[in-house]
Amino acid sequence: MIPLSLSLHNFLSYGPQTPALDFTQFKVACLTGSNGHGKSALLDAITYALWGEARKSQHERRPDEGLLRLGAAEMRVEFCFALDEEQFRVIRSFRKGRRQGMTQLELQIFDPGSNTYKTLSENASLVRTQERIDQLLCMNYDTFINSAFILQGRADEFTQKGARQRKEILADLLGLSRYDRLQELSRRHQQEGQQHLQEHQRRLQDLDGELAQQDELERQLDELASRLEQCAAELRAGEARLEEWREERLERTQLQRRSAAAQEERQHLSARLAQEEKEGLHLISQLQKDAEVLQRADLIQQDFETYHRLVAEESQLAILLQRQRELEAQMRQVEHQLLAARHEVEQRHSSWEARRHTLEDQLNHFRAVLAGQARTEERYQELLTVRQQLQQLETPRLRHEALQHEERQLRERIAAEAERIATRREELNHRLGELQRRLQQHPAATARREELAGELAQLQLETQRRDQLREEGGALRTRQEQLRRQLETQQTELAQAREKLHLFKAAPQASCPLCGSRLDETHRQQLDQELAEQERGQEHAITADQQQLVALEKDLVELRQQYQRAEHQAQLLPTRQQEWGRLEARLAQFAEEERQRQELEAQLTDLETQLREERYAPDYRLRLAQLATDLSTLDYHPDHHAGLRRQLEERAPAETERAHLQEARLRHEQLAAELADAVENLGTARRNLEEKRYGLQEQHALEGLRHRLQDLGYDPARHQQVRLNLDRLSDVVARRERLIAAQQRHAANQEQLTRNTQILSALRSQLSALDTELAAAQVRLEELSGVEDCFTAASQLLASQRGERDLLLQQQGALQTRHQRGLAMAEERKAVWAKTESEQRQVWVYQQLSEALGKDGIQALIIESAIPEIEQEANALLARLTDNRIQIAIESLRDLKKGGTRETLDIKIADELGERSYHLYSGGEAFRTDFALRLALSKVLARRAGARLRTLIIDEGFGTQDSQGLEYLIEAIQEVSKDFDKVLVVTHLPEMKNAFPVQIQVTKHPELGSRFEIIHNT
């Protein structure tokens, strides 16, 4: 990861208009400036953009609101970096809300094709986007500050951590998390294989149980085959008997059907006979009506011819009427066009009249302007003189306004600084009041803790009693269940004894109903007595068990009530324990709040002194005095300047008047010519109206239409008379149609009446033959009346035999299915056994992989291979920093007192006096040791592909070092910079600043906030 640019908006001491920091201008640089001016804030911005982490107090879960600039409501950090030939941008912003703030995170990648950034964020999910950034960089915040970023005051971060934590950091930096994922994948495959193996083993047990019944199935199949052969012979005999009865039954059914069909045919013939008789009567009536119509044939034909002649005449008159209406419409249209032509001429006349008046008014105006041209020229020259004087005063005016503007800004900044201090004072007062209010709760919390200690002891006793009652209740329920099973057994035995006694009393005198042996009277009485005694004994045992069950139920009810009371008390224990924990944390917080209260009081005293003595913004006050001197020496009089402006305003109309004068000179002759043209056009339009010289074509067309209308010759009275005659003869068409229909029907109806007479004779003959056939069929049906009962009895017998046969076939099919399933199970058992052996091999392989990929496998080997390299680099740096006096050793194994070794990651430090504890070294020596180890860690990991460390940032105070130690540190930093693409060192020591080719100078302004400047040393 190589930084490219960093932009900040309202982040810590940086304001809203902070320019971007361009990292491409240097490879190695020194970040310098006074304490509190914002050097470390730039580095905090990088870690905040990438991981949302930066400096924060120990009570803050997230640092967002603590990083927001005082008085601002939102902040934003934009960080661009290069990684593996690609360019990325991370934008993280925070907006303060009423209850809680809102953080947004955006990850983008640069697209060279479109020259824009494209988003890689995970559906606006901050957590998923952060995970993607961690995966991209192969490190989190803790890994970064333990490798590439030596945070201020935390150079000993890696040294002071435990061995296990150091191993975890190295594992993250070396990219060993991939082996954890592979190990988890192997374990998952192993668990899945074990589950499949257990399923295969259970299936093998089921298959073995099923296959044990195959021999019995084959024996049952043989027995069913012999029974089916016997049943088949009986079925053949029954089917022969049933066939004989079926034939007679079929004959009876056919007779019944023929009789029913004959009855239906007789009914049909009867209905047809009645229909034919009715149709004959209708034909006779129709012949009589047609004869009456034929008698009036001549009169109907005469009226029909008159009607056709009137229809033709009415059609001709309608055509003439339509032509007359068309000519009238054309006349109306031509008259409208003629009126429009006159209206157009009238409009032109009005337009030229208005144009004449307008031109006359303009000529009069311009003549008046030309009359005052001498006075206009004089006023214009005065205007030019005043404007030249104002231009000469413009430079002093700008200088005077700039000085006044700076003076106002300085006064505003002084007031803002006072306001800031006052706001800070109010904020501290508010925080102090809150602390004092919270500290008032300290005595009550202490008293409540003492009271709560007694309650906790009592509740723990109640919890123990609840557990004891639960065990007693479990024992009672077990005893109750045993008694219930014993009672069920005794009741079953009692029922069996009563059944035996009933059989004995109902059996004959000569034999035993239970075993079938011969009995005499003595043995019979003895057996009767034994059975009765056995029954009474069972009844007594059942009664005793029932009484015990009742007693147990009472005990359980009482025990349950006691348990509920104890359970209610025990449920209060977690709540009281949580309250105890909260009280302990609260009491610890009271001590911290008391310390904070004292600090706030000291800060408040200092702020009160600054406000009272006005010891703030001294630079602004000094500059304000200088501005007053500059203003007094400036040769500029605002009153004189204002007077010239008023003169300029008074003479400003002269410029407009001169422009009007020039326009009048140009337009006077042009308007005179336009006026003469307008007068001529107005006379032409007036003559056209008076002599009607417009729409000549429309006037000729209108005259022609009037002559055509007179020549048409349409008679409206004759047209009305023809329509009345047509209405009178409107029914003649229907009468002629009835006449034609009567002429056509007469001959056909004569022939139809003859056919109807013949059909009636034939139908009467067919009815007589059907009556004879029905009588013969009735005689045969009486002879076959008992055949249905015989057929039913034979069918029932055959159905019973078939049911027995079907039952046997079902049993045979079921047994054959089970037998076939057994054969399939045998094949399945072979396949399951093969899968079982294969799963066993797979489980063993994944088990071996899981062990090899674990912490004590490949990962331990990789860490052990990296340790000598880190140790070598650290000692090489220490040799330069301590003049070969201090060396370190990193041990990955530790010998145990009881024998054997244990995995560890201990750091041993030794000098010319021997190995000593890290805490026994001086501050400078300990710092150089921590610094060398951290630089070695960064340098070694920079050469490994996993962590992608291409940047080194050192934000560490070097105040513990003497001049020689500083020289050693500078040489070490310059040497290690060869392994990194970007190195940034934070310091304010002059010896350190002058040793770097590029400086990033950070300064802080009261109004703008912190600012930085890149300086190249020559």
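Before I show the first helix pair, let me say that axes here are lines fitted to C-alpha atoms, for helices over the stretch in contact, and that angles run from 0 to 180 degrees between N-to-C directions. What you see is a predicted model, in which local features need pLDDT of at least 70 and side-chain atom pairs count only at pLDDT 80 or more, while totals for chains, interfaces and linings use all residues. Residues are numbered from 1 along each chain as its sequence is written, and side-chain values use heavy atoms, with hydrogens and water left out.

As an overview, the protein has 24 helices and 15 strands, where helices (H or I, at least four residues) and strands (E, at least two) are DSSP runs numbered from the N terminus. Of its 1018 residues, 35% count as buried, and that word stands for under 20% relative accessible area, with exposed meaning over 50% and partly exposed the range in between, using a 1.4 Å probe and protein chains only. If we take contacts between residues at least 6 apart in sequence, 76% of them join residues at least 24 apart, a contact being heavy atoms within 4.5 Å.

Now to helix 9, residues 297-371, which packs with helix 18, residues 716-728, at an angle of about 145°, the two axes being 9 Å apart. The crossing of helix 9 past helix 18 is left-handed, which is the term used if the near helix is turned anticlockwise from the far one by less than a right angle, clockwise being right-handed. On the helix 9 side the contact includes Tyr307, Leu310 and Val311, and on the helix 18 side it includes Arg718, His719 and Val722. By class, this contact of helix 9 with helix 18 comprises eight nonpolar, two polar and four charged residues, with Ala, Val, Leu, Ile, Met, Phe, Trp, Tyr, Cys and Pro counted as nonpolar, Asp, Glu, Lys and Arg as charged, and the others, Gly among them, as polar.

How do helix 9 and helix 17 lie relative to each other, roughly parallel or roughly antiparallel? Helix 17 covers residues 696-711, and its packing angle with helix 9 is about 160°, with the axes 9 Å apart; the pair is therefore roughly antiparallel, given that angles under 35 degrees count as roughly parallel, over 145 as roughly antiparallel, 65 to 115 as roughly perpendicular and the rest as oblique. Helix 9 passes helix 17 in a left-handed crossing. Among the residues that meet are Gln324, Leu327 and Met331 in helix 9 and Leu702, Leu705 and Arg706 in helix 17, and this contact holds eight nonpolar, four polar and five charged residues.

Thr32, in strand 3 (residues 28-33), is buried with a relative accessible area of 1%, and a polar atom of its side chain lies 3.2 Å from the backbone oxygen of Thr987. Not counting residues up to four places away in sequence, Thr32 touches residues including Lys39, Thr987, His988 and Val1002.

Asn875 belongs to helix 21, residues 858-881, and is buried at a relative accessible area of 13%. Its side chain is joined to that of Gln887 by a polar contact of 3.5 Å, that is, a pair of N or O atoms within 3.5 Å, where within protein one must be able to donate a hydrogen and the other to accept it, and residues adjacent in sequence count only if both atoms are side-chain atoms.

Pro16, finally, sits in the loop between strand 1 (2-9) and strand 2 (21-22) and is partly exposed, with a relative accessible area of 38%. Pro16 and Arg69 are 53 residues apart in sequence and 9.4 Å apart in space, C-alpha to C-alpha.
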